[in-house]
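Please look through the sequence and the model shown below before reading on.

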Amino acid sequence: MRRLRIAVSCLWLVLCVGEVALGQTSDGSIVFGKVKSAGGEALLGVTIIIDHGTTGTISDEDGRFEITNIPAGTHTLTAQFLGFDKQTKTLTLKPSQKTEVNFTLKENTVEMSAIEIEGKSMAREINEQAYSVTAISAKDLLNTTSDAQTMLNRVGGVRVMQDGGLGSTLNFSLNGFSGDQVKFFMDGIPMDNFGSSLSLNNIPVNMIERIEVYKGVVPVWLGTDALGGAVNIITTSKRNYMDMSYTVGSFNTHRLSLNGAYTNKNTGFTVRTNVIGNYSDNNYKVWAQIVENNAIIDTTNVERFHDRYRSGTLRMEAGFVNKPYADQLLIGAILSGNDQQVQTGTTMETVYGKIMRNSRSAIATLKYAKQDLFVKGLDLSLYSAYNRTHSEVIDTLRGYNYNWLGEAIPNPGKLGESSLTQSTLDDQELSSQLNLGYEIGAKQSLALNYSLTHFTRETFDKENPNRIANQFPNTQTKQIVGLAYKIDPTKKWSATVFGKYFFLGVESSKQLDFGLSTQRTEAVESHKKNFGYGIASSYYVLPNLEAKASYEHTYRMPWANEIFGDGLFVQPNPDIGPEQSDNFNFGLGYDFKLREVNRFHLESSLIYRKSKDLIYQVVKGGNPETNYANLSEARNIGIEGGVKYQWKNILNLGASITFQNITDQADSVYNESYTNTGWQKNYQKGFRLPNTPYLFGNAHAGLTFSDWMPSGSSLSINYNFSYVEQYFLDWAELGSKDNKKVIPTQTAHNAEISYGLKEGKYNLTLECRNLANARLYDRYYLQKPGRAFYLKLRFVL
């Protein structure tokens, strides 16, 4: 579609300016500016004509244009683009005057209807792949206070759960798979060890172009061992821009985002920079129990008093684009750090007043891509990153406990609030992905991927320098090889078959014969190999009705923190093994219009997952510590659906709902104890996996008014609603009806209003989250913030 528009624009320009004289006066004026769509997207290939055909130009990829040597006087300036309404402006120029004129073009729905099947946004093209994938664009959210977490929570089947406020630990769930069963990427580079400063709730929306969510089956080119899907965050690829924003809000929250890029059109040299800053006291009120002498004396609203979070990230890339030897060659660096006061453990039954944790990361990156390498149709891309992360956990308080009133209660002999430690974790990781693609013909192609990850960790505890477990190596090596064959028999039908080989090598240590005279710690080493395979296909039943089906038999290797622990609340488990799953997806997507101005999009998916050795997090009542273990067999049968409606470019409505029935299916479990070791009947069989929502949804409504007092301005009003049905914290089979721990049904309401001036150059947004000030919980009954207000200022060049 974009090529069609540009071709038409070029033809129009040639016809209009063919008679232009070659000579111009040296004292002529200059008109420059930018062309955007009503949605704020820069438009490439727009024709800008002076005086109906005496001279003109075409906008570049950033929507910018410049016309020189214009004689003094009154002129009409016209911008026109296939699929958009023509716009004309009148201006009077003095000799040698330089004037800025900007255009905002509104889509012409009548003109577009005849050719819209050819014109698709990048997000839509991704959504129409054979894989079960959802791509969400950030362009309509750039003025909001959203981050990557907020964007993902609006996707059907996705639930991002967090421990508390800004900077708190997240747990990502996708169609029942959670944690590291879903892999994360930034521009195709794995984010496994990017450091906590680049977590989902730290990545601002202004840094993002779109997010791709692959559900179940994951494409070979991502080179990952994800069990239940993958998320690829695509950062802004504009070549010349600047986007700066600052947000201030409740709980002394401050968020800074600076993003920019410069590209020399002649040399291809480019520089890209992102700066992120986050700070919050997180001193919101929670409903908590006041404990004195091991007895509950009151339950009341109290203010969190030890939950400050601050982080900073600098990301830079420099190199060349569009050169004969490379379409892209970029060398980059990411420097990030954070520190966090720790308020609670795994549950809110225990509160802390002095525990601290912090981390510092330095990451070097390399990106290389070249199409038609050596021969036509052979494409190569290479992504590599080397990361060094230094983390520290400090729990050195002696002789005291804290309660929820912030009082230090004497407790003679108490060593550490959780466990006396001052541990440092030094992690190093090398990750690299090589992709080769070859077009056999117009309808067939091959893709090969090789992925390598090597991770090492050194641990030292100042409070226990002779700890035996810290004297053993902790290393992990993963290699993945994938091969895919794609065929498009017809324009309606596309299919991909693929295979993946997985290798995992681990060196660690294990404590044996605990509590016996033979208790000891020994080095352990394991190597595992597995092979996965699958198929994905899509077919257009009608021109606007697409059916998708996919199947994958896949494996997911445990990652570092699941094996080695995190040095504080997550305990190590060197026995944890790979998990495997058979994933089925079937989906339908339908787009249609009514009277040209009413657009509808309907989608629905059926999900079936049968998993073995599923890795899940074990919660033990009020115990602040947790660990990962394998669940012998689990099954998920689910359905999700969504609907979107748009009236012109003014009204947007949408909603999605997800139901996922994740149950334990093992007949027996292995119990390891001193008195009753061996296989036993599994009393949890048929019960839902605990601490995992099974029914949830969201809805949104938005109004956008362009050229609203004055011309070139815009006003947006948005409302978002989320719903989560109640679910059990622990296995439903355990305990009596009256003492089961239940996370209650929750509803949340958010509202925001944004106002922009000068074609989106200056923007102001006011947002209120949790309008009803409801008690909201996520994982492990940890309460999230109540009603909060945020103000965002944004400036764009």
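How many salt bridges does the count come to? The model is a predicted one, in which local features need pLDDT of at least 70 and side-chain atom pairs count only at pLDDT 80 or more, while totals for chains, interfaces and linings use all residues. Residues are numbered from 1 along each chain as its sequence is written, and side-chain values use heavy atoms, with hydrogens and water left out. Side chains of opposite charge can pair when their charged atoms come close. Here a salt bridge is defined as a side-chain nitrogen of Lys or Arg within 4 Å of a carboxyl oxygen of Asp or Glu. By this rule the count comes to 17 salt bridges.

One of them joins Arg315 to Asp187, with 3.0 Å between the closest N and O atoms. This pair links distant parts of the chain, 128 residues apart: Arg315 belongs to strand E22 (residues 309-323), whereas Asp187 sits in the loop between strand E13 (182-186) and strand E14 (189-190). Strand names follow DSSP runs numbered from the N terminus, where helices (H or I) have at least four residues and strands (E) at least two. Are the two partners buried or exposed? A residue is buried under 20% relative accessible area, exposed over 50%, and partly exposed in between, for a 1.4 Å probe and protein chains only. Arg315 counts as buried because its relative accessibility is 7%, and Asp187 counts as buried because its value is 14%.

A second pair is Glu212 with Arg210, whose closest N and O atoms are 3.0 Å apart. Glu212 has 4% relative accessibility and therefore counts as buried; Arg210, at 11%, is buried as well. In a further salt bridge, the side chains of Asp427 and Arg457 meet at 2.8 Å, N to O. That pair also links distant parts of the chain, since Asp427 lies in strand E28 (residues 421-439) and Arg457 in strand E29 (residues 444-461), 30 residues apart. Both Asp427 and Arg457 are buried. Salt bridges that share partners also join Asp187, Arg315, Glu317 and Lys367 into one network.

The next topic is a sheet. Strands of a sheet pair through backbone hydrogen bonds, either parallel or antiparallel. In this model, four strands form an open sheet in the order E3-E2-E5-E6, with antiparallel pairing; two strands count as paired if DSSP finds at least two bridges between them. Strand E3 (55-58) and strand E6 (87-93) stand at the edges with a single partner strand each, so one side of each has no neighbour in the sheet. Within the sheet, four bridges join strand E2 (residues 47-50) to strand E5 (residues 73-80), and Ile49 stands opposite Thr78 in E5.

Nine cavities of 30 Å³ or more are present. On a 1 Å grid over the protein atoms alone, a cavity is a set of points where a 1.4 Å probe fits but cannot get out, and lining residues have an atom within 4 Å of a point. The second largest cavity holds about 900 Å³, a volume being the space filled by probe spheres set on the points, which are joined across faces, edges and corners. Its lining consists of 45 residues, and Gln149, Gln162, Asn750, Arg769 and Lys784 lie nearest its centre. Among the elements that each supply at least two lining residues are helix H4 (148-152) and strand E10 (158-162).

Note on methods
1 Å grid on protein atoms, 1.4 Å probe; cavity = no way out; pocket = protein on both sides within 12 Å on 5 of 7 lines; lining within 4 Å.
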